[in-house]
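Let's take a walk through this model, one piece at a time. Have the sequence and the coordinates open as you read.

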Amino acid sequence: VKAGDGWEFPGEKPPEVKKDEVLEASWWETVHTDEMDARLARISLPSMKQVRQIANFTVVDALYYMHPGHKEKILQAVAKSVESALARFYEHHPNYKGSVVLAGHSLGGVILFELLRTGSPKLSFIPQVLFTMGSPVGLFLHTADSIPNRSFSLPGGTRYFNIFHPLDPVAYRVEPLIAEELEKLDPER
């Protein structure tokens, strides 16, 4: 809303519009080059086409991420994409003084968690909160044998919320890894 749009009374300033904006930061193109996808298509069996498509675009992404060479490339791509999205936002909102919240779904949540946990590559900002939704962060920590200790917190005081549906086959809990007694505590509904 700008002054002079015709809605205001003489001498009245336009109201400050407060809203949330969601900006996408994608890493998928880092792994899914035409060459990689063509090679994957050549080795995929022709049976159960729909099931194989799901596997090729979910399980394969997790396998790529677990490979050290791809993992670093994906972490760098996510950091670059997040920084780029934030730069575009600040370009349109130069006076913005609010907080930044990150949210990642599924493997995207794992990637953001790792990016913040390790600080490599380093982001130019500290998010107020990280939300992971339907994410296997707990499974990845478990399989990497990288269990945070009881005093774990994300650097910079970033708060962490792991949101999941109890029937989601991809989501895993994180809190029982940090404190075993939390296994007995039912998740919040």
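Start with β2, helix α6 (residues 137–143) and β3, which together make a right-handed β-α-β unit. Right-handed here means that, with the strands pointing away from the viewer, the path from the first strand over the helix to the second runs clockwise. Helices (H or I, at least four residues) and strands (E, at least two) are DSSP runs, numbered from the N terminus.

Before going further, a word on what you're looking at: this is a predicted model, where local features need pLDDT of at least 70, side-chain atom pairs count only at pLDDT 80 or more, and totals for chains, interfaces and linings use all residues. Residues are numbered from 1 along each chain as its sequence is written, and side-chain values use heavy atoms, with hydrogens and water left out.

Now for the sheet. Three strands make up an open sheet in the order β1-β2-β3, with parallel pairing. The edge strands are β1 (101–105) and β3, each of which pairs on one side only. From one strand to the next, the twist averages 15°. Strands count as paired if DSSP finds at least two bridges between them. β1 and β2 run parallel and are joined by five bridges; histidine 105, for instance, has methionine 133 in β2 as its bridge partner.

What lies across the three strands β1, β2 and β3? That's helix α5 (residues 107–118), running at about 135° to β1. Angles like this run from 0 to 180 degrees between N-to-C directions, and the axes are lines fitted to C-alpha atoms, for helices over the stretch in contact. Contact means heavy atoms within 4.5 Å.

Move on to helix α4 (residues 68–92), where you'll find serine 81. Leaving aside its neighbours within four places in sequence, serine 81 touches Ala25 and Ser26. Serine 81 counts as buried because its relative accessible area is 17%, and buried means under 20%, exposed over 50%, and partly exposed in between (1.4 Å probe, protein chains only).

Next, the aromatics. The structure holds eight aromatic pairs. One of them is phenylalanine 89 with tyrosine 90, edge-to-face at 5.8 Å centre to centre and 65° between the planes. Rings of Phe, Tyr and Trp (its six-membered ring) pair if their centres lie within 6.5 Å; planes under 30 degrees apart are stacked, over 60 edge-to-face, and the rest tilted. Phenylalanine 89 is buried at 12% relative accessibility, whereas tyrosine 90 is partly exposed at 33%. Phe89, Tyr90 and Tyr96 form one aromatic cluster.

Most residues other than glycine have a negative phi, and most peptide bonds are trans. Methionine 48, though not a glycine, has a positive phi of about 45°. Methionine 48 sits in the loop between α2 (34–43) and α3 (49–66) and is exposed at 54% relative accessibility. Aspartate 145 is another non-glycine with a positive phi, about 50°. Aspartate 145 lies in the loop between α6 and β3 and is exposed, with a relative accessible area of 66%. As for peptide bonds, a cis one joins serine 120 and proline 121, with omega about -5°. Proline 121 is in the loop between α5 and β2.
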